[in-house]
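Here is a short report on a two-part model. Read it with the structure open beside you.

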Amino acid sequence: MRGKRVAGVASLLATAVLLAACGDGGGDAGKEAAGSAPEQVVFWGWAKGTKEVVDAFNAAHTDIKIKFEEIPSGNAGGYAKFANAVKAGNAPDLMSVEYPQVPDFVSQGALRDITAETADIKAKYPASVITLVELGGKTWSIPLDAAPQVFIYRKDLFEKNKIEVPKTWDDFRSAAEKVKKADAKARIGSFHPDDPNLLATYAWQAGGQWFSSAGGSWKVSIDDPATQKVAAYWNDLIKDDLVKVQPTFSQEWIASLAEDQVWGYLGANWAAGMIKSNNAPQSGKWTVAPAPNWGTPASGMFGGTTYAVSKDSKHAEAAVEVAKWLTGAPEAWTARLGSGTSSSFPAIADLVPVAAKTFDTGFYGGQDIYQVFSEAYQTIKPGWTWGPSMVQVLTSFKDRLGQVSSGATTVPDVLTAVQADTVEEIKGRGLAVTP
Amino acid sequence: MTTTLAGRERGRWAIVLFTAPFFVLFAAVVVAPLGYALWLSLFREQSSGLGFGGAQSVFSGLENYLSTLADPAFRDGFWVIAAYAALYIPLMLGGALALALLLDSGAAQLRRFFQLALFMPHVVPGVIAGLIWLYLYLPGISPIVAALADGGIHWDFLGDRVLSSVVNVAVWEWTGYNMVIYFAALQAIPREVLEAATMDGAGPVRVALRIKVPLIRGAVITTLLFTIIGSLQLFNEPVVMDSVSDGIVSTWTPNMYAYAEAFGKNDYGQAAAASIMLAALAAVLSYFVTRWGNKK
């Protein structure tokens with residue numbers, strides 16, 4: 001008799017535990033009751049130096065505390081995690097979203113309209129940045145940094161082999177030939193088939209415009225003439241074996257930097273901090289230069305992060321306060337760059353001197369790299385907007401660019417295919433689109 | 001009379017009590033998710049205009065199933081699986097069977113060691129196995145790629161021939177596991193049967209192929225069933241390699257397709273439809289394999 005009862009209780013308990021586990025979908029968000037306890041804002045991010053900024057915030061505030069949860073970087077799974085969390089109702093209050101993905105999340109209904117809460121800080125940002133977070137007349141997220149294009153290269157090796165820093169893309173090609181001649185195993189840089197954002201940046205710089213919206217309808221032109229020009233240029237570099245084809249930020253790529261087999265990186269400001277932390281033994285050998293251009297100095301933007309409040313956040317106001325501090329307080333930038341691994345460039349121009357002062361440029365031989373960033377920032381082409389299905393666009397690119405190096409396809413052909421994919425995807429979501 | 005009735009009553013309660021945890025778990029982790037997936041598969045997200053008003057869920061009937069079937073990316077996944085299975089299943093199960101037969105007839109002292117050594121890779125989770133092998137496949141890091149290149153062989157493990165690289169990881173992971181199952185079955189064969197065969201003049205090879213293998217048929221069918229279902233669900237290893245492999249695309253296998261739809265395109269409806277169809281195919285295949293296995 002007694003044993004039976006114990007067994008019954010045990011099975012009831014098991015059921016209860018299971019049910020409790022099912023019901024506990026809310027995560028930590030919203031558990032903190034209002035009152036004397038500080039309001040807790042759950043924040044997801046991955047950028048270098050974020051933890052330091054969060055610590056600085058928590059030390060300086062008593063009314064709001066950030067609970068920082070480090071997640072994989074957006075395209076490496078972070079966005080999937082966020083989209084899933086929104087669907088499941090346990091999203092963080094504040095999420096890091098890079099510029100390209102803002103329209104994606106807005107059209108999924110994952111973000112909260114923060115137009116009213118951010119009216120006071122809008123004027124601090126240049127128009128080229130604000131247009132990226134303002135869609136349909138509403139503001140959806142707060143820009144943290146801008147990401148002007150630069151060319152980071154091995155000054156020592158270029159000088160030793162009497163190779164000039166390329167100013168134009170023609171120069172870049174001839175410099176690439178010289179690098180290969182100087183050392184048959186070495187290349188000037190790499191093409192990263194898994195990082196289509198880079199291709200978008202080149203297209204942006206060349207005057208391309210992948211997405212625009214007019215008359216309430218999307219226009220997709222991933223294969224526009226400017227992008228075609230860029231695609232043909234890179235296709236030739238790959239075909240003529242003048243660049244290495246490697247996954248971006250991979251062990252393979254890092255190893256070839258360390259072994260002097262890759263002499264440069266075409267990217268944005270933030271890569272300066274990354275190369276610095278990955279390649280410590282090469283201190284003093286690297287320099288930052290403006291990116292090569294098509295005749296007149298111009299820049300696209302490669303990455304850049306914004307902070308968005310999730311739609312169902314119960315701490316939206318506090319989350320906006322947190323985002324304003326993380327992006328706009330000088331102390332935040334001192335903390336972020338003081339970590340030594342981040343070379344982020346503030347989207348708010350007034351903060352650039354703070355950033356420049358804080359980043360230790362010893363690795364770059366004391367060069368004023370923020371000066372280079374600032375100049376590139378001035379030349380960012382205005383008018384670029386991202387489309388509503390960037391996650392799909394990037395995946396579609398990644399799947400196809402991988403087959404370029406084997407000769408199965410070409411970069412211009414990839415553009416045509418991705419263009420078709422993208423139009424179909426946008427149409428499939430019920431959006432208005434004119435190809 | 002009364003005591004027997006009470007005993008029966010008690011027995012019935014005991015059955016309910018002992019099976020309840022199973023049914024609760026089964027309902028919570030199998031039936032409920034399956035039902036939810038079925039439900040999701042009948043809806044799709046609908047936006048309008050530029051899409052900045054967010055998306056709404058609308059009932060779409062079987063539309064997700066039709067559009068999934070019409071998607072060449074989904075169908076291509078099954079060709080990949082077919083090629084994978086054609087290479088992997090004979091290689092892995094054949095290898096496991098051969099090793100089990102060798103161990104069964106071999107020196108007893110070595111059995112323990114080989115059993116453990118061969119089983120060891122199975123302890124490594126699939127994702128970790130993928131990562132370990134990735135380092136061995138990746139040019140610039142891998143000692144194997146470097147050694148082959150020094151010998152004049154330029155083998156690109158992650159390019160067009162990536163299928164064989166994935167098969168290799170799976171063989172490494174699963175051969176030992178299946179070998180242990182076969183070995184256990186072999187140990188259960190009555191020794192007098194084997195002795196009788198030997199008395200009749202059968203050599204060790206003949207005993208292995210004509211006596212032992214038919215006697216462990218049940219184990220072979222079971223492992224074949226599991227391996228086919230496992231092949232259909234191929235996911236971990238290729239996903240890990242996708243980040244650096246030119247030969248693998250985001251929709252390489254049907255499982256990866258479902259994942260890409262859900263988390264890349266946020267199309268949970270289509271992902272659910274793809275998953276349901278994959279599950280249905282696995283069920284149908286299992287049925288035929290089991291039936292075929294029970295026939296003789």
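## Domains of chain A

Where they touch, domain 1 of chain A brings 23 residues and domain 2 of chain A brings 19 residues. Two residues are in contact if their C-beta atoms, placed from the backbone, lie within 7 Å. On the domain 1 side, helix H4 (102-107) and helix H5 (127-133) of chain A each supply at least two residues. Helices (H or I, at least four residues) and strands (E, at least two) are DSSP runs, numbered from the N terminus. That side of domain 1 holds 10 nonpolar, 11 polar and 2 charged residues. Here Ala, Val, Leu, Ile, Met, Phe, Trp, Tyr, Cys and Pro count as nonpolar, Asp, Glu, Lys and Arg as charged, and the others, Gly among them, as polar.

A word on the source: this is a predicted model, in which local features need pLDDT of at least 70, side-chain atom pairs count only at pLDDT 80 or more, and totals for chains, interfaces and linings use all residues. Residues are numbered from 1 along each chain as its sequence is written, while chains are lettered from A and ligands numbered from 1 in the order in which they are written.

## The two chains

| Property | Chain A | Chain B |
|---|---|---|
| Helices and strands | 17 helices and 17 strands | 13 helices and 2 strands |
| Span along the principal axes | roughly 90 × 55 × 45 Å | about 85 × 85 × 30 Å |
| Buried residues | 49% of 435 residues | 33% of 296 residues |
| Contacts at least 6 apart that join residues at least 24 apart | 77% | 69% |

A residue is buried if 20 or more other C-beta atoms lie within 10 Å of its own, exposed if 12 or fewer, and partly exposed in between; C-beta atoms are placed from the backbone.

Chain B has 13 helices and 2 strands. Its radius of gyration is 25 Å, well over the 19 Å that the globule rule gives for 296 residues, so chain B is more spread out than a compact globule. The radius is taken over C-alpha atoms, and the rule is 2.2 Å times the number of residues to the power 0.38. For chain A, with 435 residues, a compact globule would have a radius near 22 Å, and the 24 Å of chain A agrees with this.

## Where the chains meet

Contact between the chains takes in 44 residues of chain A and 33 residues of chain B. On the chain A side, the elements that give two or more residues are helix H1 (2-23), helix H3 (78-88), H4, helix H10 (251-258) and H16 of chain A. H1(A) gives the largest share, 8 residues. By class, this side of chain A has 16 nonpolar, 20 polar and 8 charged residues.

## The largest nonpolar core

A nonpolar core is a set of buried Ala, Val, Leu, Ile, Met, Phe, Trp, Tyr and Cys residues joined through C-beta atoms within 7 Å. The largest one has 189 residues. Those touching the most other members are Phe43(A), Leu94(A), Val150(A), Ile152(A), Val322(A), Ala100(B) and Tyr182(B). Helix H3 (residues 72-105) of chain B gives the most to this core, 13 residues. Domain 1 and domain 2 of chain A both give residues to the core, so it lies between them.

What does Tyr182(B) contact, leaving aside its neighbours within four places in sequence? The partners are Ala96(B), Leu97(B), Ala100(B), Ile216(B) and Ala219(B).

Helix H8 (residues 196-205) of chain A is mostly covered, with 10 of its 10 residues buried. Among them are Leu198(A), Tyr202(A) and Trp204(A). The buried residues of H8(A) pack against strand E8 (149-154), helix H9 (225-239) and helix H16 (390-401) of chain A. After H8(A) comes Gly207(A), with a positive phi near 95°.

Helix H10 (residues 217-232) of chain B has as its buried residues Thr223(B), Thr227(B), Ser231(B) and Leu232(B). Their cover includes H3, helix H7 (162-187) and helix H13 (268-295) of chain B.

Definitions and conventions:
Domain bounds come from an automatic or database domain assignment. The expected span of a helix is 1.5 Å times one less than its number of residues.
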